[in-house]
Amino acid sequence: MTTPARARATPTWPDLPEAARDVLLEVLIHGAMSRAEIAPRVRLSRATLTRAARVLVGHGLLVEGGTELRSSTGRPSEIMHVRGEAHHFLGVKLTADRLYAVVADLTATVTEAVEEPLRSTDPDEVVARIAELAADRPSLTGIGVTLGGVVRDGVVVDAGFPAWKSVPLAAPVARGTGLPVAVDNDVQALTAAEHWFGAGAGVDSMVLITVGAGVGTGLIIDGKLVQGAHRLPPRFAHLLVDPRGPRCGYGHRGCASSYLMGHVIARRVDGCDTFDEAAERARAGDPGAQEVFAEAGYALGVLIGHAANFLDPEKILLTGDGLPIHELATGQVHDGIEDTYEDDPALIDLNVQPFDFGEWARAAAVLAIKTAITGTA
């Protein structure tokens with residue numbers, strides 16, 4: 001049973017004109033700047049920019065303060081800043097057995113974090129727990145929830161972690177909290193968060209690759225998150241690496257997934273129960289474990305090389321709880337890239353991001369921020 005929706009303690013997100021949204025996004029993603037710098041970037045006349053800025057200042061979303069000399073000529077300019085404390089958002093990342101949550105302000109700065117075991121994976125119980133978290137934080141503007149799986153229109157169509165099929169999630173959470181709610185695939189949300197507030201902020205093209213319990217991919221093309229026609233996240237996990245290799249959970253032999261998934265690696269190292277144990281044995285010099293990680297590293301390089309061939313992105317970001325693969329087999333990762341990528345590997349800007357489930361919860365909060373500003377997840 002969900003808790004009743006409580007009275008709103010903060011104003012709802014304002015209905016902004018398109019020009020005002022464009023200005024807010026420009027300052028949010030690229031940082032504080034003067035009006036003279038904003039105008040050409042968003043292609044607005046000075047008069048239109050003045051009106052848009054007035055709307056944003058009036059709603060408390062932007063504030064003008066401080067002057068800086070922003071060019072070698074001319075007078076100091078007044079700088080526009082996002083007023084982060086104006087709105088706060090709850091982000092929730094669900095795994096098979098744990099809940100990670102953060103509260104983040106409008107600039108995606110985390111102000112509070114929660115991590116706890118799921119008391120139950122029953123959908124009603126999970127909804128009730130999210131409602132409890134929201135009720136204890138009455139200044140929220142919106143909620144984002146992410147998990148590993150396919151999500152359409154707020155319904156979890158198919159998720160492995162937790163194991164749900166055809167589970168409505170956005171609507172029950174909205175009823176239980178009285179707040180706007182967005183739900184999406186966790187890798188898609190993380191890709192969008194990295195593009196707005198992370199290592200890929202503002203780039204026109206980017207690939208995010210995650211390795212761990214699964215192998216996930218997110219794409220940014222022409223400055224936009226790629227959303228498939230059926231809301232399916234991009235999938236590169238089953239690219240062929242070696243037709244004689246091990247089988248993945250779908251029965252494919254020698255695909256990238258068959259080498260990279262954490263439980264597969266654990267299974268391939270004799271006497272190991274977990275991925276972490278396999279990694280420790282490889283670090284300790286166990287030849288069998290080192291061979292398994294070397295093969296995984298090569299497969300990861302093949303995956304990165306194919307992604308670079310496919311998109312020629314400005315950046316490739318790598319993260320996930322399977323990062324020890326890169327740590328333990330850096331040379332083999334490079335070999336896989338060299339054997340796959342059709343140009344100079346030096347062109348690939350590979351950025352390895354430390355893994356932290358808190359960042360995935362922050363990405364869920366960014367999903368809520370993005371939905372509030374643009375009207376769509």
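Trainee: What should I know before I start?

Mentor: Residues are numbered from 1 along each chain as its sequence is written, and side-chain values use heavy atoms, with hydrogens and water left out. Since the model is predicted, local features need pLDDT of at least 70 and side-chain atom pairs count only at pLDDT 80 or more, while totals for chains, interfaces and linings use all residues.

Trainee: How do I read the packing of α1 and α3?

Mentor: Two packed helices are described by the angle between their axes and the distance between the axes. Here, α1 (residues 18–30) and α3 (residues 46–58) pack at about 75 degrees, axes 9 Å apart. Helices are DSSP runs of H or I, at least four residues, and strands are E runs of at least two, numbered from the N terminus. Axes are lines fitted to C-alpha atoms, for helices over the stretch in contact, and angles run from 0 to 180 degrees between N-to-C directions. Angles of 65 to 115 degrees count as roughly perpendicular, so α1 and α3 are roughly perpendicular to each other.

Trainee: Which residues in α1 meet α3?

Mentor: A19, A20, V23 and L24, and they meet T48, L49, A52, V55 and L56 in α3; contact means heavy atoms within 4.5 Å.

Trainee: Is T141 buried or exposed?

Mentor: Buried means under 20% relative accessible area, and exposed over 50% (1.4 Å probe, protein chains only). T141 sits in strand β7 (residues 140–152) and is buried, at 4%.

Trainee: What follows α13?

Mentor: Just after α13 comes G375, with a positive phi of about 85 degrees.

Definitions and conventions: Angles under 35 degrees count as roughly parallel, over 145 as roughly antiparallel, 65 to 115 as roughly perpendicular and the rest as oblique.
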